[in-house]
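This report covers ring packing, ligand contacts and backbone angles in one protein model. The sequence and structure come first.

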Amino acid sequence: MTQNIYDDESFFRGYSALPRSVQGLEGAPEWPTLQAMLPPVQDRRVIDLGCGFGWFCRWAAAQGAAQVAGFDVSERMLERARQETQDARICYSRADLEALSLSPGAWDLAYSSLALHYIAGLPRLLGEIHRALVPGGALVFSVEHPIYTAPRQPGWVKHSSGRPVWPLDGYLDEGARSTDWLAKGVIKQHRTVAGYVNALLACGFSLQRIEEWGPDAAQIAAHPEWAQERERPMFLLMAAVRQGG
Ligand SMILES: C[S@@+](CC[C@H](N)C(=O)[O-])C[C@H]1O[C@@H](n2cnc3c(N)ncnc32)[C@H](O)[C@@H]1O
């Protein structure tokens, strides 16, 4: 069953205070890497799965997208997205990605940022996205990296050398993880890197690019507190294409 934690009042308050919620795409350190994986969006029909506050929907429209549809299960996220959007090409809908159905062959680009690691039925959703894309259409998404989602008790621990280490366990055991992030008992779905890749291939996607995001030297110079994020990747970014056409 879908948890819809973003509609929890205290979780929503915490999430709304994060830099990415205040500054939008510029506050998301992985955005430059994800942006570089996108095809041109000019005149394209775009869907954003788990669109949150609609930052990407508005960016795509500003780049000249013909039509943008944002889907999210959270009323609170959608309420703010609608408040901050004045563009007739963008339409937001409340939808649970676990059950979403899309018109076949109706979209050129499917995008999702940090939402698909909440989805237990990812193979079904990827099949739905594949059918919804035109041949040659692209799927570009980010998720929390499997090394980040795997541990049963995520959090840095101090190695005997004094260095912080990330306790990787449970990596091969795919499935739900309950974590305490902004609220107690937030449910995410852990998958291995092979799990993501094989789920895409099983639907007929062709994998174009994969990135394991960590801050680069310039980002660490600007944000020294991010240096620890180079010890393990935080985000997994993937670009795939529906074959044919
Ligand atoms: C980390 S936020 C990312 C929001 C936005 N994509 C961004 O990058 O700013 C994850 C979003 O996924 C949505 N989400 C989680 N599970 C979902 C589901 N089952 N169906 C639809 N949306 C979901 C949440 O409500 C939330 O808005």
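Over the ring of which residue does the charged end of R80 sit? The ring is that of F53, and the charged end of R80 is 3.9 Å from its centre. A charge sits over a ring if NZ of Lys or CZ of Arg is within 6 Å of the ring centre and within 35 degrees of the ring normal.

## Basis of the model

This is a predicted model, in which local features need pLDDT of at least 70 and side-chain atom pairs count only at pLDDT 80 or more, while totals for chains, interfaces and linings use all residues. Residues are numbered from 1 along each chain as its sequence is written, and side-chain values use heavy atoms, with hydrogens and water left out.

## Aromatic pairs

A pair of aromatic rings is described by the distance of the centres and the angle of the planes. Here, rings of Phe, Tyr and Trp (its six-membered ring) pair if their centres lie within 6.5 Å; planes under 30 degrees apart count as stacked, over 60 as edge-to-face and the rest as tilted. The count by this rule is 16 aromatic pairs. W31 and W59 are edge-to-face, because their ring centres are 5.1 Å apart and their planes stand at 80°. W31 belongs to helix α3 (residues 31-36) and W59 to helix α4 (residues 55-62), so this pair ties together parts that are 28 residues apart in sequence. Helices (H or I, at least four residues) and strands (E, at least two) are DSSP runs, numbered from the N terminus. W31 and W59 are both buried, where buried means under 20% relative accessible area, exposed over 50%, and partly exposed in between (1.4 Å probe, protein chains only).

Y148 and W166 make a stacked pair, with 5.3 Å from centre to centre and 5° between the planes. Since Y148 lies in helix α7 (residues 146-149) and W166 in the loop between β7 (164-165) and β8 (175-179), the pair ties together parts that are 18 residues apart in sequence. Y148 is buried at a relative accessible area of 18%, and W166 is buried at 14%. The ring of W166 also has the charged end of R232 over it, 4.2 Å from the ring centre.

One aromatic cluster is formed by Y6, F11, F12, Y15, F53, Y118 and W181. F53 in this cluster is the residue whose ring lies under the charged end of R80.

Helix α7 also holds T149, which is buried with a relative accessible area of 8%. Apart from neighbours within four places in sequence, T149 is in contact (heavy atoms within 4.5 Å) with E144, R177, H190 and R191.

## Ligand site

There are 18 residues around the ligand, and G50, D72, D96, L97 and S113 come nearest; a residue counts here if one of its heavy atoms lies within 4 Å. A side-chain N or O atom of D72 is 2.6 Å from an oxygen atom of the ligand. Ligand nitrogen is found 3.2 Å from a polar backbone atom of V73 and 2.9 Å from a polar backbone atom of L97. Taken alone, the ligand exposes 590 Å², of which the protein buries 92% (accessible areas by the Shrake-Rupley method with a 1.4 Å probe).

## Positive phi angles

L114 is not a glycine, yet has a positive phi of about 55°. L114 is placed in the loop between β4 (107-113) and α6 (122-132) and is buried at 16% relative accessibility. L182, also a residue other than glycine, has a positive phi near 70°. The loop between β8 and β9 (186-190) contains L182, which is partly exposed at 32%.

Note on methods. A polar contact is a pair of N or O atoms within 3.5 Å; within protein, one must be able to donate a hydrogen and the other to accept it, and residues adjacent in sequence count only if both atoms are side-chain atoms.
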